[in-house]
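Dear colleague,

I am handing over the structure below, and after it you will find what came out of going through it. Please keep it open while you read.

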Amino acid sequence: MKDKTQPITIRARWDQAQVPTGSEAQRGLLLEIEAPKRFIDESVERPPVNVALVIDRSGSMRGAPIRAAIDAAVGIAEQLRDEDRLSVICYDSNVDVLVDGARMTARGRKRAELDIRSIGLGGTTNLAGGWLQGARCVADVMERTDFQSGHVILLSDGCANVGECDPERLGELSANLAERNVTTTCVGIGAHYSLLQMTAIAEAGQGEMHQSSEPHEIVEVLMGELGEQTQIVARNFSIHLKGMGMHQAQQLTRYRKIRVDGRGEYFIGNLVAGQSRRLAFLVDFPPMREPMSKNYTVFANWLDPETALEERTTSERIKLRFIPAHTFDPNRRDKEVAETIAEIWMARTGYEAMMLNERGRFTDAVESFDVDQPSFCRMVDGLDREEEILRRRQSVRTATSSRWDGVSKKEAVLLARKRMRSKPEY
C-alpha cells in the first residue's frame, strides 16, 4: 500500500484575540504543530535503523548499574532485524569499539551479545570520547550505505571527568551532529549521573533524556524511540513568526532560536508521524490610537525526510484586532489556550530553575520564578484551575530555593522537559 501521509498542519491561537486601544497589552500565542499520521501496509516491516549503543564501563558503574546497561544493550540487540545496523562502544578513560556498524542478522546479533556480555569495569569517565566515537560509527554507516540518519544511545550512571566535560560545549557538539542527522538520546542509570552534561547532549541532539535502572524499562523506551526514527515526516523543522512585535516575542518553550537570512527562526528538529508540538509565546504591544486589525503569519520550513535535501514550506495566518477601549471585554478569553500556555510556561520555568539549582545557584533559581510572576498571574487569572496551578508553581519555587539532590529531582527535571516539549511518555 502506498504511503498516504497528509500535510503538516499549524494552528495559531491567541489567549485573547482583541486588544483595547490606548493602552499597552500583552498577549499569549499558542502554536500547535500536527505531524500527519502515516497509513501504511501493516505487513511491510519498518525501515531499518542505524544505531550505536555507547556503554559507560567506568568504576562507578560497578554492580547493578553495569548489569542494567549490559542487559538493556543485549535486549535492544535482540530486537533488531537483519537490515538494521548496530555499533557498540564502551568507555572508561579509554574508548573501545566492540561492534562497528554490523548488520543484525542472527549471526550478527549473537556476536553482538557476546561482545556486550564481555564488557568489564575500568577507571575514569571519558563520556565525550565514547559518545563521539558512537557518532563516528553511525556516520560511517551513512557514508557506506543508503542510510540517511543515525542515532546514538548513551547509557551512563556518572559524570564525565576525562576529556570534554563542559555542558555548553557538549551541547554545541551535539547540535552539530544533529544538523548532520546524527541524533543522541541519553539514559541516566541510577541517581548519580550528571543532569547538566547528559541533558545538554540530549536536548541539543534532538533525542530524549531518560532515567531508569531497570533493563526492561530501558529497552521499552529505547525501542519506542528507534521506531520513531523510521517515522520521521520532516527533518530540521523550524518556524518563523512575522508581524508587529513578533521579533521581540518571549518564547515560553525551549526551542533553539537561530538566525537564517537575517531573520529569527525557532528550530524544532525532526517531526514524527502522528505526534504534535506546541510552542507558546508572550507578545507585548504598544498603545494603538486607532482601531484596526493586524495580520500575523507563521512560516514553517523543513527538509524532505527521504532525501534530507528538498526544502518544503507551509504557513498559517492569525489576526489580532485592536478595538475601542469601551467595547473591550476582558472576559472574552480562550481559557483553554491560556491554561495550555500556563502549563508550558510553568514547565519551562521549573526546568530552568531546577538546572540552576543543580549548579548551586539557589538565589537565581528563585528569581527565575519571581521575575515572571506578575505576567504569569495575569495569564492564569480567572482559570478554573488557577489556585492549583499557582500552588504547584510555588511548590517548585520552594524546592529549588535550597539544595535538592536525588532521584526525585531528576524525575522532576525529565517530566518538566517532556511537558514543555509535548513529548510522549513510552
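In what follows, axes are lines fitted to C-alpha atoms, for helices over the stretch in contact, and an angle runs from 0 to 180 degrees between N-to-C directions. Please bear in mind throughout that this is a predicted model.

I begin with the sheet, which is open, has 6 strands in the order β6-β5-β4-β7-β8-β9, and shows mixed pairing. At its edges stand β6 (95-103) and β9 (209-211), and because each has a single partner strand, one side of each is left without a neighbour in the sheet. From one strand to the next, the twist averages 15°.

Within this sheet, strand β7 (residues 150-156) pairs with strand β8 (residues 182-188) in the parallel sense, over 7 bridges; the bridge partner of L155 in β8 is V187. Helix α6 (residues 215-229) lies across β4 (50-56), β7, β8 and β9, and it runs at about 165° to β7.

The other place to look at is T199, a residue of helix α5 (residues 195-204). Is T199 buried or exposed? Its relative accessibility is 2%, and because the cut-off for buried is under 20%, T199 counts as buried. The side chain of T199 reaches the backbone oxygen of L195 at 2.3 Å, and, leaving aside neighbours within four places in sequence, T199 is in contact with S194, M209, Y351 and M355.

Notes: Residues are numbered from 1 along each chain as its sequence is written. This is a predicted model: local features need pLDDT of at least 70, side-chain atom pairs count only at pLDDT 80 or more; totals for chains, interfaces and linings use all residues. Side-chain values use heavy atoms; hydrogens and water are left out. Helices (H or I, at least four residues) and strands (E, at least two) are DSSP runs, numbered from the N terminus. Buried means under 20% relative accessible area, exposed over 50%, partly exposed in between (1.4 Å probe, protein chains only). A polar contact is a pair of N or O atoms within 3.5 Å; within protein, one must be able to donate a hydrogen and the other to accept it, and residues adjacent in sequence count only if both atoms are side-chain atoms. Contact means heavy atoms within 4.5 Å. Two strands pair if DSSP finds at least two bridges between them.
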